[in-house]
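This briefing concerns one protein model. Please view the sequence and the coordinates alongside the text.

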Amino acid sequence: MERSAEPPLRLTRRGRAVLVVLVAAVFCLVLSLARVTSLASSRGGGGPARVHVVQSGETLWGIARGLAPEGDTRVVVARLAGMNQLGTTDLVPGQALRLP
């Protein structure tokens with residue numbers, strides 16, 4: 001007695017749509033996890049943040065030069081301003097700045 005061959009699996013239009021949505025959801029999940037992992041690693045691993053208290057006469061440019069004497073001061077100033085949400089480069093004595 002021979003068994004009849006079963007027809008190959010066929011996806012309906014709705015089945016293909018569900019499959020595409022599932023693949024897209026998995027792709028988005030992987031991308032978001034990669035982004036979270038990247039952000040967590042760029043923050044220094046969760047160690048204690050370095051803080052500098054601004055002294056009278058100090059400038060953001062001077063602090064940046066001290067942090068990276070061989071680097072591009074403009075890049076360090078921009079990073080400091082971004083990390084500390086500074087709208088201007090003016091500093092106030094006693095102001096605490098997070099350092100990279």
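The model is predicted: local features need pLDDT of at least 70, side-chain atom pairs count only at pLDDT 80 or more, and totals for chains, interfaces and linings use all residues. Residues are numbered from 1 along each chain as its sequence is written, and side-chain values use heavy atoms, with hydrogens and water left out. The protein holds three helices and two strands, in the order α-β-α-α-β from the N terminus. Helices (H or I, at least four residues) and strands (E, at least two) are DSSP runs, numbered from the N terminus.

**Overall burial and contacts**
- Of the 100 residues, 14% count as buried; buried means under 20% relative accessible area, exposed over 50%, and partly exposed in between (1.4 Å probe, protein chains only).
- The protein exposes about 8400 Å², of which carbon and sulfur atoms supply 61% (Shrake-Rupley method, 1.4 Å probe; for residues, only the protein chains shown count as cover).
- Among contacts (heavy atoms within 4.5 Å) between residues at least 6 apart in sequence, 50% join residues at least 24 apart.

**Helix α2**
- Leu60, Ile63 and Ala64 are buried in helix α2 (residues 60-67).
- These buried residues line one face of α2, because they fall within an arc of 100 degrees seen down its axis; the arc is that of the directions from the helix axis to the C-beta atoms.
- Their packing partners are β1 (50-53), α3 (73-83) and β2 (96-99).

**Helix α3**
- The buried residues of α3 are Thr73, Val76, Val77, Leu80 and Ala81.
- They cover an arc of only 135 degrees around the axis and therefore lie on the same side of α3.
- The cover over these buried residues includes α2 and β2.
- Exposed Arg74 and Val75 sit on the face of α3 turned away from its buried side.
- Gln85, which follows α3, has a positive phi near 50 degrees.

**Salt bridge**
- The structure holds one salt bridge, defined as a side-chain nitrogen of Lys or Arg within 4 Å of a carboxyl oxygen of Asp or Glu.
- Asp72 and Arg74 form this bridge, with their closest N and O atoms 3.1 Å apart.
- Asp72 is partly exposed at 34% relative accessibility, whereas Arg74 is exposed at 58%.

**Nonpolar surface patch**
- Leu11, Leu19 and Val23 make a nonpolar surface patch of about 270 Å².
- Patches are made of residues with over 30% relative accessible area and no salt bridge; like charges are joined within 9 Å, and nonpolar side chains (Val, Leu, Ile, Met, Phe, Trp, Tyr) within 5 Å.
- Leu19 belongs to helix α1 (residues 13-42) and is partly exposed, at 45% relative accessible area.
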